[in-house]
Amino acid sequence: MAHDYLIIGAGPAGLQLAASLERSGHDYVVLERGAGPGTFFTRFPRHRQLISINKVHTGYEDPELRLRMDWNSLLSDDPELLFTRYSEKYFPQADDLVRYLSDFAAATGVRVHYDTDVVRISRDDDGFTATDRSGRSWQGRRLVMATGVSQLYVPPIPGIETAERYDTFETDPASFVDQQVLVIGKGNSGFETAEALMDKAAVIHVAGPHSIKMAWQSHYVGHLRAVNNNFLDSYQLKSQNTVLDGTVDSIERRDDGSYRVMFRYARTVEALRELFYDRVIVCTGFRFDASAFDDSCRPALVINDRFPEQTPAYESTTVPGLYFAGTLTQQRDFKKSTSGFIHGFRYGVRALHRILATRYHDGTWPAEKVEPTPDAIGDAIIARVNRSSALWQQFGVLGDVVTVDGATALYQEEVPVAYLADGGLGQARHRFVITLEYGEDHDTVDPFDISIPRVVENDAANAHDASYLHPVVRHYRDGTATGVHHLAENLDNRWNLPTVHQQPLAVFVKECLADVG
Ligand SMILES: Cc1cc2nc3c(=O)[nH]c(=O)nc-3n(C[C@H](O)[C@H](O)[C@H](O)COP(=O)(O)OP(=O)(O)OC[C@H]3O[C@@H](n4cnc5c(N)ncnc54)[C@H](O)[C@@H]3O)c2cc1C
């Protein structure tokens, strides 16, 4: 019997979608290779500390505002199902997340087949068939891959197969005492690993071809996080640790078990340097595993074939009916926003649920009526930008939409901006799209260099030049962009001052609607 939805993967994303489908009474089943929910986090991160912020004490009563500081909870109406009740630690332990996800699965009653490793996926006119290692199979009209990045991405370096890998190496630092260690990869897993070895190893080199980007500067949480960069301190303060900028040309395991590595510096490409190490650990990121798909439905891959290519509706660009949820959707905002992380993709999953309802179950995107006047529309926008956790977390990716047609104005929340631009909500005479965004130069200016002139807070006249996160309202008439309005930055992220935020916005809305009807 074909289900409406086959969901593969009971990680945070698969659980979130299953809980939404369970609540909306749709027919689905989840297939999970692991023995329980959140299997990925039973092993990763290898050193067990999450880099997703868990701020329990915010001073906020409003649950939406609390979700701005809680990067681990899944979305549900049940206040018991908040991760902040599982740990007080700002950077929590992965085991606590596994415990939370198990309770979430139990409390939401999601239907999951565990110990079910899907090894083949095929498609015909009726839909998809997923077959597991034991030969059991399930049919579904639509398939949602929520399988995460389950494979280490291994760059094509000669001899790399002789090195240890982030996903399998023995993490006990005791085996690294007095050793020379090369960590390949300048991402969070690379620095997480180097940091864990600093007490024991004699020398640690972290190597990679690209410049290190700090998350606090780029505002992309997948760039190097401060919680993982003590190593940089030890490097620049001459403590035997070094960051090597360049590429590893080859790795040779020698008879005594040590390694000879040929390294090409980035800045002087012709200079090849011979380096010797006791250990080499590959920490070069992760990728989507597409191996289960047969020729009838293998999705197009992008970004070094590491991610499935998706439309603005999270659907495969080449396989109709095949959708993606979770960290896999980072293909849509790669290294820009937060779809790679729970605090981003939890809203993407909510949007996907709404897209599926709209496409296959005669649903419509939830909407609230507002008075079609500039003040009422302005107030509705101000109320939302000062509360919404979705617009805050998925900055520039999810937006609220106000549609004005004649004497009707509708307010719709958390619409993927690209899905809207792709006609997801149909056409309209007047549309306002509301997002939270950083300024154009946000990832290049040094926020700590006070010699660099910056727009100060509450400066409505220069709000468009603000670097830090602030609300942006764009107006479209018959689908064509006609104007944009920036609300001034504010120290407390409260954009509700009458003369600074409310009145200028109402004036903008009024001017845009001048030809209403
Ligand atoms: C090293 C590392 C550390 C990270 N740390 C954080 C962090 O601290 N905080 C954060 O928010 N994000 C973090 N992320 C990013 C991301 O949130 C996680 O990758 C998260 O696990 C993604 O959730 P998901 O539901 O998309 O996929 P996953 O959690 O990976 O879940 C996918 C599930 O699918 C199952 N599965 C896979 N293939 C099959 C198959 N063929 N058949 C059946 N089941 C299958 C897996 O067993 C798994 O349970 C990290 C990512 C990495 C790589």
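Author: Let's start with a term: a salt bridge is a side-chain nitrogen of Lys or Arg within 4 Å of a carboxyl oxygen of Asp or Glu. What you see is a predicted model, where local features need pLDDT of at least 70 and side-chain atom pairs count only at pLDDT 80 or more, while totals for chains, interfaces and linings use all residues. Residues are numbered from 1 along each chain as its sequence is written, and side-chain values use heavy atoms, with hydrogens and water left out.

Reader: Why do R429 and D478 count as a salt bridge?

Author: Their closest N and O atoms are 2.5 Å apart, so the pair passes the salt-bridge test. R429 sits in the loop between α10 and β22, and D478 in the loop between β23 and β24, so the contact ties together parts that are 49 residues apart in sequence. (Those labels are DSSP runs numbered from the N terminus: helices are H or I with at least four residues, strands are E with at least two.)

Reader: How do you know whether E489 is buried or exposed?

Author: Buried means under 20% relative accessible area, exposed over 50%, and partly exposed in between (1.4 Å probe, protein chains only). E489 has 10%, so it's buried. R454, at 40%, counts as partly exposed.

Reader: And how many salt bridges does the whole structure have?

Author: A search finds 25. Among them is E414 with R350, at 2.8 Å from N to O. That one links strand β21 to helix α7, 64 residues apart.

Reader: Why is the Y100 and F104 pair called tilted?

Author: Rings of Phe, Tyr and Trp (its six-membered ring) pair if their centres lie within 6.5 Å; planes under 30 degrees apart are stacked, over 60 edge-to-face, and the rest tilted. These two are 6.3 Å centre to centre with 50° between the planes, so they pair, and they're tilted. Both lie in helix α3, 4 residues apart, which is about one helical turn.

Reader: What makes the charged end of R142 count as sitting over the ring of Y360?

Author: The test is NZ of Lys or CZ of Arg within 6 Å of the ring centre and within 35 degrees of the ring normal. R142's charged end sits over that ring, 3.9 Å from its centre. R142 is also linked with D4 and R141 in a network of salt bridges.
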